[in-house]
Amino acid sequence: MSENTHDKLPIRMLHDRVLVRSDTPEGERRSGGGILIPATAAVGKRLAWAEVVAVGQNVRTVEPGDRVLYDPEDRAEVEVRGVGYVLMRERDLHAVASERVSVDATGLYL
């Protein structure tokens, strides 16, 4: 599938819901030093980054294309056209990284 497959999803988000696509697939991952970490390894609570795909009409702080930080344990997964997405409320997002942020700002809304 192309990277822009989610641009024309047959779905309209309601209220304060945000649909995101995770940046990293679940399962094995590599540390910064290149060490392979198995999916079964016990890891402390870790937040994850995702790209916003769609937002409801009451969402005020994020737009499609923004990157958001969220807790992977507090999520509802949904599959649309064979692609997995995460559905959450806007209030469950921890931070937003966006090019809309002014030059003097850090780039994150915390």
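This is a predicted model: local features need pLDDT of at least 70, side-chain atom pairs count only at pLDDT 80 or more; totals for chains, interfaces and linings use all residues.
The protein chain contains zero helices and nine strands, and its elements, taken in sequence order, follow the pattern β-β-β-β-β-β-β-β-β. Of the 110 residues that make up the chain, 29% count as buried. When contacts with a separation of 6 or more are considered, 61% of them are accounted for by residues 24 or more positions apart.

In soluble globular proteins, nonpolar side chains tend to be buried together. In the present model, the largest nonpolar core comprises 13 residues, and those with the most contacts inside it are Val18, Val20, Val62, Val68, Tyr70, Met88 and Leu93. Two or more residues of this core are given by each of strand S1 (17–22), strand S4 (48–55), strand S5 (67–70), strand S7 (83–89) and strand S8 (93–97), with the largest share, three residues, coming from S4. A second, separate core consists of seven residues, among them Met13, Ala54, Val80 and Tyr85.

Once its neighbours within four places in sequence are left aside, Val18 is in contact with Met13, Val52, Ala54, Val55, Val59, Val62, Val86, Leu87, Met88, Glu90 and Leu93. Of these partners, Val62, Met88 and Leu93 are also listed with Val18 among the residues with the most contacts inside the largest core, whereas Met13 and Ala54 are included in the second core.

The side chain of Asp66 reaches the backbone nitrogen of Glu63 at a distance of 2.9 Å.

The chain averages a pLDDT of 76, and 65% of the residues score at least 70. Among the elements of the chain, S5 has the highest mean pLDDT, at 91, while strand S9 (residues 108–109) has the lowest, at 52. Over residues 1–6 the pLDDT stays under 50, and for this segment the model has six contacts beyond four places in sequence.

Methods. Residues are numbered from 1 along each chain as its sequence is written. Side-chain values use heavy atoms; hydrogens and water are left out. A nonpolar core is a set of buried Ala, Val, Leu, Ile, Met, Phe, Trp, Tyr and Cys residues joined through side-chain atoms within 4.5 Å. Buried means under 20% relative accessible area, exposed over 50%, partly exposed in between (1.4 Å probe, protein chains only). Helices (H or I, at least four residues) and strands (E, at least two) are DSSP runs, numbered from the N terminus. Contact means heavy atoms within 4.5 Å. A polar contact is a pair of N or O atoms within 3.5 Å; within protein, one must be able to donate a hydrogen and the other to accept it, and residues adjacent in sequence count only if both atoms are side-chain atoms. pLDDT is the predictor's confidence in each residue, from 0 to 100.
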